[in-house]
Every structure is written in structure tokens, then in C-alpha cells.
Amino acid sequence: METLLTAIVTWLAVNFNLPAVYEHPRIELASAETMHAVRYRRPGATHAQPAARTVRPGQLPEVEALYDDATRTLYLPEEWTGRTPRELSVLVHEMVHHLQNAAGLRYECAQAREKPAYVAQSRWLELFGRTLGEEFGIDPMTVLVRTACMH
Ligand SMILES: [Zn+2]
């Protein structure tokens with residue numbers, strides 16, 4: 001896992017001008033319940049979610065993965081193996097948040113913090129001929145809404 005994280009940090013630093021911080025986050029495989037608990041306990045935690053259309057009324061949106069700034073812990077689903085481009089792209093997305101946090105980067109709003117994460121995740125999937133739309137049902141409009149500061 002450490003080698004994989006090092007490779008991802010290098011890829012992010014080279015391609016997206018993100019700081020190359022090699023103090024890796026703590027990785028934890030967690031249940032959906034645990035991730036929800038962490039997410040709602042810490043408003044600062046950032047996350048990748050599937051498209052809103054998968055959310056049924058009265059149900060919390062499924063949290064795909066989560067990075068907790070305060071504890072520098074990256075939560076992945078229990079069933080995560082890292083064997084598919086899709087699963088690795090989730091790790092790539094959360095590693096962007098780790099680098100943002102570790103380097104103390106400041107953004108105009110929480111959504112702006114998501115922008116580089118989605119750009120990197122999308123580019124990663126493209127390496128394997130996939131898209132955010134195919135893998136997660138996240139279309140360009142959804143990305144725009146999630147990454148734009150609302151004034
Ligand atoms: Zn995110």
C-alpha cells in the first residue's frame with residue numbers, strides 16, 4: 001500500500017502541480033455506517049459520492065470514500081481491493097484531499113477543494129479508457145455543481 005501511495009503522490013505532483021508530500025495518510029477500511037458517522041461528525045471531511053440519482057428519499061447518500069483532515073485518515077469501503085481502475089480512482093481522489101490538507105492549501109470554498117480531486121480522478125480513469133460518467137454516474141454538470149463556489 002505504501003508503494004502505491006508513493007506512486008500516486010508522484011503522479012499527482014507531476015501532472016497536477018500538487019505538493020509532493022510523502023507522509024502518507026492512515027488508511028482504514030470502514031463500513032458505510034462508520035464513514036457516515038465520521039462524515040457527519042466532522043463537517044470538514046471531504047468525500048467522493050456517487051451521483052445524486054442513486055439517493056432515495058429519506059436515505060443518506062452512499063459515501064464512496066472519505067478523508068478526514070483532523071486525523072489524516074483515508075477511509076475506503078470494506079470491500080475495497082484496489083484491483084480496478086474505478087477503485088484506484090477513488091483512492092486518487094482522496095489522496096488529492098490528503099495533499100491539500102498536508103500542504104495546508106486554502107480554497108475559496110469547500111466545493112473548490114473538490115475541483116482538483118475530480119480532475120485528477122477523471123484523468124486517472126481516462127488512462128484506462130473510462131470516465132466518471134460510466135463508472136460513477138457523475139456527468140460533467142454534476143462535477144460543475146460540486147466544484148463551483150455558490151455566491
Ligand atoms: Zn472529494
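Is Trp 11 buried or exposed, and what is its relative accessible area?

Mentor: Trp 11 is buried, at a relative accessible area of 17%; buried means under 20%, exposed over 50% and partly exposed in between, with a 1.4 Å probe and protein chains only. The model is predicted, with local features requiring pLDDT of at least 70 and side-chain atom pairs 80 or more, while totals for chains, interfaces and linings use all residues. Residues are numbered from 1 along each chain as its sequence is written, and side-chain values use heavy atoms, leaving out hydrogens and water.

The whole structure has three aromatic pairs (Phe, Tyr or Trp rings, six-membered for Trp, with centres within 6.5 Å; planes under 30 degrees apart are stacked, over 60 edge-to-face, the rest tilted). In one of them, Trp 11 and Phe 16 have ring centres 5.2 Å apart and planes at 70°, so the pair is edge-to-face. Phe 16 counts as buried too, at 18% relative accessibility. Trp 11 also pairs edge-to-face with Trp 124, at 5.2 Å between centres and 85° between planes. Trp 11, Phe 16, Trp 124 and Phe 128 make up one aromatic cluster.

On the H4 side, the buried residues include Ala 117, Tyr 118, Gln 121, Trp 124 and Leu 125. Just after H4, Gly 129 has a positive phi of about 70°.

Note on methods. Helix = DSSP H or I, 4+ residues; strand = E, 2+ residues; numbered from the N terminus.
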